[in-house]
Amino acid sequence: MARITAALLAGLLLSPLIHASPTSGKPLLASRQDENSEGLHSLMVAAGKLFFGTATDVRYLLDKAHQAIVNNPSEFGMIVPENSQKWGELEKEKGRVDFTNADAIAAAAAKNGQKFRCHVLTWAAQLPSFVTSSTWTKEALTAQLKAHITTVVTHYRSQCYSWDVVSEALSSSPDSNTLSNSSIFQKVIGPSYIPLSFYWASLADPDAKLYYNDFNLEISPLKAQGVVDIVHLVRNFISPTGEKGKARIDGTGLQSHLFVGQVPSLTSLISSLETFTNLTSLEVSFSELDISHDSVPANDTQMEQQAQDYMTVVSACLAVEKCVGITVWGFSDKYSWIQDAFPGKGEGCLYDEKMKKKAAWYGVREVLKRAGVVMAERNSTGSPEERIRNAARNGRLMEEVNGTALMLAAEKENETKNGGSNSFRGGLGWRAWPVVTGWGIWVVLSL
Ligand code: G3I
């Protein structure tokens, strides 16, 4: 009897804490009907941006819990195929291009009213074996690449918000701004394969935004300079008809495969973005965001740091006018590419492997909600967008966010979905009941 009373007492005392916003005291956990209007994409658009998106693909289609989230246009307003639009997946045999899988992702996005980002035309990885295992002359590989780009871009004409035309053409070492020699295109065709790819894509779809996409641009100013050189290379390209400016480049994707506790500062991220937005009419986006733990499973402190790190990246995008949006490279730890590529590391996503929102999700939502509050402020000067940029730039959108409350919010999410048991993760059948008293938080154990 005493135990049950203690437990009930705990539940009663705990609820205001869980429901309290990390700073504002406003209810942190929106009631169910708010959840739909408070998807990350809805909040991102309310903060003046174009999208909050995710990568996904056909191999997750049978996972109902996963699909319920990916098909929610309030949560994700942009969808990008993680693999099925890559050359090696589309044309396993020379001349036989199969769009079935990629079309399925495009059709689902269209049905859900989500934007569609197309990934990737010219990339040195995941190529068909007939490309990698053949001996090519410059002319023959140039013609083959042109045929691939023209066929694929024409097939998706007016479906893609943007195309990742060229990915990872620069050396992977962060201290270099030189083109990577490991690329078959660089070796056989030379640097002109880059502006040529943009030229053919421009001809095949005059509307899709054409992006260059790479990693480590957030941490390496030298590599970022390499991208600026690529932008100039494309813009100075003289077409086969002798005309300049026929190869269009509209944006740079900063992939942002980052690690917890190693995310650059807000100021540094803003200046990385502005390296590109200072170039005429070039937009930017965080294009493949995940922030992984160096060792898994992560503990609460690491989870709180991860939340802070995600909030810093979101704030950086809100602070820069031409940062149009953010795409996470998968939203659930269950399917993240990280654990395959970096065994022992991972859990870099906003949802855990059970499709539960993590503290990082609540941190991102908190920043976006505050941007909405700043947007609505009546008595301060400047346009709502300018106010958000200033607030984001000054770190105001993530000030004093209490990591513990974000953790509790995520825990609450857990228990809400586990049918209301008000306890933290407990092993051995014991349940831990936190009691908030004037002398701090006490824990009551019960079976
Ligand atoms: O499709 C084959 C399938 O036929 C075969 O049975 C299976 C067994 O090995 O492999 C399947 O291919 C896998 C492919 O994903 C599709 O699932 C490849 O082995 C696997 O290496 C590939 O991993 C992808 C990786 O790119 C390849 O480099 C990851 O899922 C994907 O998240 C990752 O994404 C890249 C971006 O495109 C570009 N930027 C970096 C990012 C991370 O590497």
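Start with cysteine 118: this residue is buried, at a relative accessible area of 0%. Buried means under 20% relative accessible area, while exposed means over 50% and partly exposed is in between (1.4 Å probe, protein chains only). A quick word on where this comes from: this is a predicted model, where local features need pLDDT of at least 70 and side-chain atom pairs count only at pLDDT 80 or more, though totals for chains, interfaces and linings use all residues. Residues are numbered from 1 along each chain as its sequence is written, and side-chain values use heavy atoms, leaving out hydrogens and water.

So who does cysteine 118 pair with? Its partner in a disulfide is cysteine 160, and a disulfide is a pair of cysteine sulfur atoms within 2.5 Å. Cysteine 118 sits in strand β3 and cysteine 160 in the loop between α8 and β4, so the bond ties together parts that are 42 residues apart in sequence. Helices (H or I, at least four residues) and strands (E, at least two) are DSSP runs, numbered from the N terminus. Cysteine 160 is buried too, at 8% relative accessibility.

How many disulfides does the structure hold? There are two, and here they are:

| Disulfide | S to S | Torsion about the S-S bond |
|---|---|---|
| cysteine 118 and cysteine 160 | 2.1 Å | -80 degrees |
| cysteine 317 and cysteine 323 | 2.1 Å | about -100 degrees |

The link of cysteine 118 and cysteine 160 is left-handed, and so is that of cysteine 317 and cysteine 323. Cysteine 317 and cysteine 323 are both buried. Counting bonded cysteines along the chain, the pattern is 1-2, 3-4.
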